[in-house]
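Have a look at the sequence and the structure, then work through each task with its solution.

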Amino acid sequence: MRRYIFPYTVVLAVAILLLSSCASHPDVPSSAKEAKSLPAIFPDYCDVTVPYNIAPLNFMLPADEYEACVARLTTPDGQQQTYGSGVKVQISEEEWRSMLDASKGRSLKVEVWGQKSGEWLSFTPFEIHIAKEPIDEYLSYRLIEPSYVAWTFMEIAQRNLTTFEETQIFNNEITMNDKTIGQCINCHSYQNYKTDNMLFHVRLSNAGTVIVNDGKVSRVNLKRDYTISGGVYPSWHPTAKLVAFSTNKTRQAFHTENPNKIEVYDLASDMILYDVETDSVTVVSADSTLLEVYPTWSPDGKYLYYCKSVPLPEEMQGQDIRTTYAKIQYNLYRRSFDLATHGFGDEELVYDAASSDKSVTLPRISPDGRYLLFALGQYGCFHSRHHDADIVCMRLGEVPLDSASALDLTLLNSKNYSDSYPSWSSNGHWIMCASRRDDDNYSRVYFAYFNNGKVAKAFLLPQEDPELHLTLLKSYNRPEFMVEPVRISVEEFSRVFDK
C-alpha cells in the first residue's frame, strides 16, 4: 500500500476532518432559488445505473463557482439522509450500503443545493438507478504518468470496487537495478477473472514475464530464436494453462501539430501460443508482410480472435512507416482451436473495418458468447490517444459481421475524446473502458450497465475524495476486472528477480 509520513498533529487534524465530513448531515437550505437545471457535479452521476455493491458515488460542485453543497438522498421506501461539507458530498459507506440495499432494482432520488455568491440554488432532482446485478468486486490497473519518458516509478494496483481500498500488486522501483535504462511493468492479465493464474511483463531492467501458475510465481523469457520478440499482448485460455500472445516490435512517435499527440505502431507483429506447464512456445501465425495483434479467446476456448492489418496500397508498400502509419488499418479475424492437439483452423474474417475506412482493435467476447466488444478508430492499433476512437458492441452470429448489427453505445462513448480498452465483467452486465473524456490528458475508468443489448449512461470510477481524479496526475492503464484480489505480495513477486 502507499505509505506517506506526516507529523502526528497533521494526521490527527486530517482524521478529524475526514470523520466530520463523513458524519456531516447538514440541514437542507430553508429557502433557495430554483436553478431549473441539473447540477454540474463532478463526477457526473446524474441518472446513471450502478451495481448494488458499488462504493459510494461521492461528488462535488465546482470549487471556483460554489461555496457550499448539500445533497439529500431518498430511497424508494422513504429513508432520507443529507450530506455536504464545503462543495463536496462524501457519503458514509455504511449508510450508502443500507440505501443501496433498500433501492436494489429501483432508484435513489438525489436532490442537490449549491451556494453561489451567498445565495442557495436548488437544482433539478435526478435519480441513481440501482441494478440487481453486482459488479466484480475487484479492478486492477497500471498507474502511469503520461510522459512516456519517466521510468522512476510506476505501479500495478488493485482496487476493491465495493470500498475505496487500493493496494499495490507490484511496482518497478523494488527490482529496478539499473536506473539508467529504467524498468517498465505492464500487461497484467488473468485467467477467468481469477488471480491464481495470472501474469505481467517486466521490460528493460530485469526483463521477463512474471507468471503465476496455481499460485506459484516464476519469471520466464518468452523470446525464442524463431520469434520476433517475447510475448507482448496476452490472453489466457479459459480452461487450459495456455496463453496466446502477440509478439511485437513496437515504436512511438511524438507529434508536434497532430492533436492525437502520440503515435504507437508496430514494425512487425505475429502471434504465439505459450504452454505454461511445459514452457514451450509455438507460432500461431507469422505473416511477414502483415501485422497481427491483440489475441483474445472466446469464453468456451474454441476460437482465438485477433486483429490483422490489411495490405497497404501498392504505392506505399516498402515506405518508412512514419509516413504510412495513418493508412495502416486492421480487420478482425478468428481461428478455431482444438484443445486436444493445440491446433488452429483456417482464418475467418469476423469484421471488415477497413472497407469502411476504419481500424478495429482490442476485441473482447462477452461471457455468454453473444456479444463482441472492440475499439474502433480511423487507423492503427493503439487508439488510447486517438480522438476519434470509440467502443463498438456487436451481436455475434454468422461471420463476417455487418456494422448494422452494432448496438447503440451513445451513452457509453464520449464525443471527440479517446474511448479505448473495453472489457466485460464476469457476469456480462458491466462494460468498462478507459477514457480521456475529462481532460484529454489522463485515461480514467468508466463503467456502463449492459442488459440484453441495452447500454446505460457511463459513470466514472468512484473515489472517497471526488477531487482525486482532478489531482492524481496518473493515467489508469489497462483496467481489468477481477473476482478476487491478487494475494501475492509485492515482496514475494520481487523474489523471482533474485533467481
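**Exercise 1.** Which residue stands opposite T209 in β15?

*Solution.* Before we start, note that this is a predicted model, where local features need pLDDT of at least 70, side-chain atom pairs count only at pLDDT 80 or more, and totals for chains, interfaces and linings use all residues. Residues are numbered from 1 along each chain as its sequence is written, and side-chain values use heavy atoms, with hydrogens and water left out.

Step 1: Strands are DSSP runs of E with at least two residues, numbered from the N terminus. Two of them pair if DSSP finds at least two bridges between them.

Step 2: β14 (residues 194–204) and β15 run antiparallel and are joined by five bridges. Across this pairing, H201 is the residue opposite T209.

Step 3: Now turn to β16 (residues 216–220), which is antiparallel to β15 and joined to it by five bridges. Here T209 stands opposite V220.

**Exercise 2.** Find the turns on either side of β15.

*Solution.* Step 1: β14 and β15 form a hairpin with three residues between them, and N206 in that turn has a positive phi of about 60°.

Step 1: The hairpin of β15 and β16 has two residues between the strands, with D214 in the turn at a positive phi of about 50°.

**Exercise 3.** Why is β15 described as largely enclosed by the rest of the structure?

*Solution.* Step 1: Buried means under 20% relative accessible area, exposed over 50%, and partly exposed in between (1.4 Å probe, protein chains only).

Step 1: G208, V210 and V212 point one way from β15, T209, I211 and N213 point the other way, and all are buried.

Step 2: Six of the six residues of β15 (residues 208–213) are therefore buried, so the strand is largely enclosed by the rest of the structure.

**Exercise 4.** Is S366 buried or exposed?

*Solution.* Step 1: Find S366 in the loop between β26 (359–365) and β27 (371–377).

Step 1: Its relative accessibility is 2%, so S366 counts as buried.

Step 2: Look for its partners. Leaving aside neighbours within four places in sequence, S366 is in contact (heavy atoms within 4.5 Å) with P299, Y371 and W424.

Step 3: Finally, a polar atom of the S366 side chain lies 3.2 Å from the backbone nitrogen of R370.

Definitions and conventions
Helix = DSSP H or I, 4+ residues; strand = E, 2+ residues; numbered from the N terminus. Polar contact = N/O pair within 3.5 Å; in protein donor to acceptor, adjacent residues only side chain to side chain.
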